[in-house]
Amino acid sequence: MIRRINKVAVLGSGIMGSGIACHFANIGAEVLLLDIVPRELTPEEQAKGLSLSSPAVRNRIADNNLAQALKSKPSPIYHPSFARRVRTGNFDDHLPQIKDYDWVIEVVVERLDIKQQLFEKVEKYRRPGTLITSNTSGISIKAMAEGRSDDFRRHFCGTHFFNPPRYLQLFEIIPTDETLPEVIDFLQDYAGRYLGKTAVLAKNTPAFIANRIGTFAIMNLFNHVQEFGLSIPEIDKLTGQLIGRPKSATFRTVDIVGLDTLIHVANNIRQQSGDEAARAFESPAWLLKMLENKWLGDKTGQGFFKKVTENDEKKFLPLDFSSLEYMEAPKARLSVIDQTKNIAEAADRLPVLLADKGKAGAFFRFNFYSLFAYASHRIPEIADEVYRVDDAMRAGFGWSLGPFESWDALGVEKTLQAMEAEGYAAAPWVRAMVDKGIGSFYTVKNGRRWYYDIQKDDYAEIPGQDKLLSLKNLGHNLLWKNNDTSIYHLGNDVLGVAFHTKMNTIGQGVLEGLNKALDMAEREFAGVVIYNEGEHFSAGANVGMIYMYAVEQDFDELDLAVQWFQKTTMRLRYSSVPVVAAPHGMVLGGGCEVCMHSDKVIAHAETYMGLVEFGVGLIPGGGGVKEFALRLSDELKEGDPRINAFQQRFLTIGQAKVSTSAYEAFDLGYLRKGQDEVIISRAHQLAYARQMVLQMAEKGYTKAQPRTDIKVLGREALGMVYVGADAFTTGKYMSEHDKLIAEKLGWVLAGGEISQALSEVSEQYLLNLERKAFVELCMQRKTLERMQSLITSGKILRN
């Protein structure tokens with residue numbers, strides 16, 4: 001029987017419960033969110049004449065918690081309309097309704113007795129065969145199921161989301177000995193394809209996998225932090241993006257999570273694990289003093305950092321370990337950071353960092369050697385396979401490299417020898433693996449990733465890759481590359497083109513790669529997918545290159561460069577083969593224009609798309625304004641208030657609006673309804689995009705012809721733009737320079753000084769206007785000053 005999840009009941013509406021409910025609503029499920037019935041009326045309820053029997057009172061806790069979640073930033077919901085998929089209620093009145101639900105998830109307070117009492121009630125109403133899981137982060141899964149029926153226990157396990165559920169990708173599955181294998185298999189597949197998560201099978205051990213390893217890494221550092229003579233800002237600089245981890249690094253992360261939460265988790269691990277490394281989870285005296293002072297982080301206004309305002313300037317003052325006082329610290333300046341600033345990948349930086357002869361190198365060696373030793377000893381305690389540990393740390397803590405992947409990057413045998421020389425004892429199986437001549441935990445064979453399997457004492461293929469594609473595993477299919485772009489054969493006669501500049505910005509090398517991919521595809525392939533690895537699809541055009549041309553007043557070269565960009569985006573639209581863009585993360589400026597000119601966009605749900613050039617002092621130059629004019633023309637119907645539609649498009653670019661999800665990108669006009677699609681699973685995105693190319697090719701793809709029938713509003717719309725810009729400038733809401741940018745934008749979007757509204761023009765006509773306005777704005781001193789300021793501040797990239 002095929003199991004389908006259409007209705008989900010979430011029991012417990014706190015931060016996690018409401019977040020989980022919202023994420024199931026994100027994917028289209030009907031959600032029932034329940035919580036306890038209040039025992040007392042609020043003053044507001046009394047003033048309204050309500051009683052404890054009033055439905056509004058009885059559902060108040062779930063209602064308020066959901067409302068609070070929906071107001072939070074970043075939002076737990078992809079689109080405001082999706083919130084209507086969540087219905088609230090209470091345990092006393094609405095628990096019987098779970099008989100109609102396919103999956104019941106418990107997310108109540110972390111007390112075993114309360115969970116057991118709730119499960120006893122759930123069993124009265126739950127339909128046999130339906131899923132029942134707990135989101136506990138540490139309570140024994142087996143203990144929760146004690147006393148329940150055979151059917152309950154066979155369909156029960158832990159399903160641990162990480163907070164916030166929409167954004168963090170980890171989904172730990174913790175079965176008991178009685179959980180049916182088909183339930184485990186279903187949850188692993190469902191979590192990936194439907195929820196967009198990385199499913200990791202964990203054992204029923206303290207804190208499972210990610211929190212066990214992650215908490216060790218933090219607490220082990222805290223117990224030795226004063227030995228290295230490094231300040232809090234310096235350590236956060238060393239433990240963040242430099243080593244492929246989140247920008248919040250160590251201390252800022254703890255401030256966000258809460259010091260009390262960290263110590264609670266650490267104490268539970270220390271008390272329950274009983275392993276030889278349990279002392280690493282003890283809290284040093286200075287940390288307990290912070291707990292006593294209630295310096296818990298963001299929730300109390302101060303933790304490792306304290307937010308202060310001095311001379312109208314907001315600052316985060318770091319804590320000094322020795323005095324436990326907040327004070328200004330000099331900017332982190334460590335030579336090893338300069339040594340690695342031109343090394344793009346974290347895996348390539350690690351050997352340089354650990355080889356450093358200064359205090360930073362000693363710090364890195366201690367942290368990584370301790371981590372490697374601890375993680376190796378947790379196999380097979382918390383997981384049987386090394387890849388599950390690495391998956392958990394990447395998906396749950398945002399590390400770009402898990403412990404064993406980091407060890408591979410440093411060289412397993414070389415690092416093991418260094419560890420042994422300094423007194424760090426890895427698990428015996430690592431030495432046995434190396435002695436057998438196996439030099440890495442991972443390898444790639446025929447486009448599939450394999451891992452070292454301890455039980456087999458040999459490599460085994462990581463399961464579940466048959467329906468996935470990853471550029472990281474396609475090195476053997478690399479057909480062409482330059483410094484900025486690579487072209488791969490994705491299989492089935494489809495090419496994949498990927499950028500690998502900093503933030504995947506678009507310059508001459510990327511344009512060359514896109515054109516090369518189209519040349520190759522038009523000769524002998526079915527089509528092209530544009531897909532990038534990394535955190536973001538593209539931060540836009542290379543502003544540093546534009547700035548260089550403008551400063552040198554080489555406007556002819558600048559015009560040619562913009563013209564080449566326009567010709568490339570137009571070629572994406574009018575090539576002889578289908579082109580599918582598969583964006584994710586930030587898709588800004590030129591990256592957005594590349595997508596807008598593709599035949600189809602398969603956008604990951606977490607796509608933040610926008611034409612943001614106005615903020616740099618420019619307008620879109622790669623066909624973005626032209627494309628908005630074209631789409632506006634296609635949307636206009638007889639009798640529509642066309643000025644309102646024009647204004648909406650104008651403001652989207654003029655206010656540099658960026659979608660907060662792929663779904664919102666449809667509202668803003670960046671994605672096309674009925675043509676472009678959203679996919680929840682990043683892991684499945686590339687394979688699905690390839691499938692769409694093949695589908696278009698098999699249906700019979702014919703090269704389209706450039707449009708010559710675009711209806712523009714001309715002076716009718718320009719009048720509104722000029723009057724509005726003048727009013728905003730007079731009222732001091734807009735600078736003279738912004739007024740000029742707005743007028744240039746309006747001039748292109750309206751089709752220039754055309755007297756007759758709804759006159760028809762060609763795409764090339766609009767592109768010429770767009771390019772002319774773009775270059776003229778680059779001639780403005782204010783534009784150069786704005787670009788220089790943004791480049792200097794690091795807010796945009798120079799290269």
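This is a predicted model: local features need pLDDT of at least 70, side-chain atom pairs count only at pLDDT 80 or more; totals for chains, interfaces and linings use all residues.
**Stop 1: helix H1**

Select residues 15–26, which form helix H1. The helix has 12 residues and reaches 16 Å from its first C-alpha to its last, close to the 16 Å expected at 1.5 Å a residue. Now show the surroundings. H1 is largely enclosed by the rest of the structure, because 11 of its 12 residues are buried. Among the buried ones are Met 16, Ile 20, His 23, Phe 24 and Asn 26. Step just past the helix to Gly 28, where phi is positive, at about 105°.

**Stop 2**

Select Arg 58 and Asp 93. Their side chains meet in a salt bridge, 2.7 Å from N to O. Arg 58 belongs to helix H3 (residues 55–58) and Asp 93 to helix H5 (residues 91–94), so this pair links distant parts of the chain, 35 residues apart. Asp 93 is partly exposed, with a relative accessible area of 37%.

**Stop 3: the largest nonpolar core**

Select Phe 222, Leu 238, Phe 304, Phe 364, Phe 404, Trp 407 and Trp 429. Of the 117 residues in the largest nonpolar core, these touch the most other members.

Centre on Leu 238. Which residues does Leu 238 contact, leaving aside neighbours within four places in sequence? They are Leu 230, Ile 243, Leu 334, Val 336, Ile 337, Ala 360, Phe 363 and Phe 364. Another core, of 88 residues, lies apart from this one; Ile 530, Phe 537, Val 543 and Leu 558 are among its members.

**Stop 4: a three-stranded sheet**

Select strands E11, E12 and E13. They make an open sheet of 3 strands in the order E11-E12-E13, paired antiparallel. E11 (442–445) and E13 (458–461) stand at the edges with a single partner strand each, so one side of each has no neighbour in the sheet. Neighbouring strands are turned by 40° against each other on average, direction ignored.

Zoom in on E11 and E12 (residues 448–453), which pair over 4 bridges. Pick Val 444: its bridge partner in E12 is Arg 449. Then bring up helix H18, residues 386–397. H18 packs on the sheet and touches E11 and E12, its direction making about 120° with that of E12.

**Stop 5**

How many salt bridges does the structure hold? The count is 50.

Select Asp 634 and Arg 707. The closest N and O atoms of this salt bridge are 2.7 Å apart. Asp 634 sits in helix H26 (residues 624–635), while Arg 707 is in the loop between helix H29 (682–700) and strand E23 (710–712), 73 residues apart. Asp 634 is partly exposed at 46% relative accessibility, and Arg 707 is partly exposed at 22%.

Move to Arg 642 and Glu 716, a salt bridge whose closest N and O atoms are 2.9 Å apart. Arg 642 is in helix H27 (residues 642–654) and Glu 716 in helix H30 (residues 715–730), so the pair ties together parts 74 residues apart in sequence. Both are partly exposed: Arg 642 has a relative accessible area of 28% and Glu 716 one of 32%.

Methods:
Residues are numbered from 1 along each chain as its sequence is written. Side-chain values use heavy atoms; hydrogens and water are left out. Two strands pair if DSSP finds at least two bridges between them. Helices (H or I, at least four residues) and strands (E, at least two) are DSSP runs, numbered from the N terminus. Axes are lines fitted to C-alpha atoms, for helices over the stretch in contact, and angles run from 0 to 180 degrees between N-to-C directions. Contact means heavy atoms within 4.5 Å. A nonpolar core is a set of buried Ala, Val, Leu, Ile, Met, Phe, Trp, Tyr and Cys residues joined through side-chain atoms within 4.5 Å. Buried means under 20% relative accessible area, exposed over 50%, partly exposed in between (1.4 Å probe, protein chains only). The expected span of a helix is 1.5 Å times one less than its number of residues. A salt bridge is a side-chain nitrogen of Lys or Arg within 4 Å of a carboxyl oxygen of Asp or Glu.
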